Amino acid sequence: MISVANWWFFYYVAGWYTLVGPHPLTVMVLNAWYGTLIVGAGISIMRRWGLAPVAIRVGTALLAFWPSLLLWSAQLVKEPLILALIMAGLAALVYLLKEPQEGVRKHVPAAVALPFVAFTLTLFRSSTGAAFFMTAATLFGGCAAIALATRRYHQLRRFLVLLVLVGGAVTLANRLDLRRNLIQSYGYTAEPVPTGKIVRERL
């Protein structure tokens, strides 16, 4: 069953089929790779958070053998990509919070990745993008308050800039609202229809 709510996934699959050929295993292999990326991002987050080695090993095993992740990694579904984006965004978030002594140049990749993830998640699934923004806002807002209380104004500016970047990315994605535009422009219904059949209704 498909609906216009998943419009982007059709273009994603079609893009890969155009590049490497219409083999059904193409996206499944990518999903398996996303599963590996998710576990790697989880390890990075746990290490930077300073967890004990035993806790890291247990957390890695639980994440690697999470039943849903194992199932998604072997199917033609969108969840591995969305979860990989979430984990990559969280890894960038933790890096920016836990590595304040790093130079500005080393922060640039994570600072670019963060709004990109927020924008993409909001574009793909607005509720997930909103949840990601709330996570970033809570962490950056708390750190900014601590920096203000301790008069570390350079860190305060950094956290506020990051918060504005993430918020701006989410706002931009919501304003684009490609799903609504697709429905209004082409008359696609939002109701699920059998695979391969997209109903077009004239407005």
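View 1. Leaving aside residues up to four places away in sequence, T135 touches L90 and L93, where contact means heavy atoms within 4.5 Å. From T135 to L90 there are 45 residues in sequence, and 9.0 Å in space, C-alpha to C-alpha.

This is a predicted model, in which local features need pLDDT of at least 70 and side-chain atom pairs count only at pLDDT 80 or more, while totals for chains, interfaces and linings use all residues. Residues are numbered from 1 along each chain as its sequence is written, and side-chain values use heavy atoms, with hydrogens and water left out.

**View 2. Helix α5 beside helix α7.** Two packed helices are described by the angle between their axes and the distance between the axes. Here the axes of α5 and α7 come within 12 Å and cross at roughly 5° (axes are lines fitted to C-alpha atoms over the stretch in contact, with angles from 0 to 180 degrees between N-to-C directions). That makes α5 roughly parallel to α7, a term for angles under 35 degrees. Among the residues that meet are I82, L90 and L93 of α5, and T135, A136 and F140 of α7. By class, this contact has 11 nonpolar, 3 polar and no charged residues (Ala, Val, Leu, Ile, Met, Phe, Trp, Tyr, Cys and Pro are nonpolar; Asp, Glu, Lys and Arg charged; the others, including Gly, polar).

**View 3. Helix α7 with helix α8.** Now follow α7 (residues 126–149) to α8 (residues 153–176): their axes come within 9 Å and cross at roughly 165°. α7 is therefore roughly antiparallel to α8, the term for angles over 145 degrees. The contact includes F133, A136 and F140 in α7, and F159, L163 and V166 in α8. Its residues divide into 16 nonpolar, 5 polar and no charged.

**View 4. The largest nonpolar core.** This core has 43 residues (buried Ala, Val, Leu, Ile, Met, Phe, Trp, Tyr and Cys joined through side-chain atoms within 4.5 Å). Y12, I38, L96, L114 and F140 have the most contacts inside it. The largest share, 13 residues, comes from α5. Y12 touches V27, L30, Y34 and L81, not counting residues up to four places away in sequence.

How values were computed:
Helices (H or I, at least four residues) and strands (E, at least two) are DSSP runs, numbered from the N terminus. Angles under 35 degrees count as roughly parallel, over 145 as roughly antiparallel, 65 to 115 as roughly perpendicular and the rest as oblique. Buried means under 20% relative accessible area, exposed over 50%, partly exposed in between (1.4 Å probe, protein chains only).
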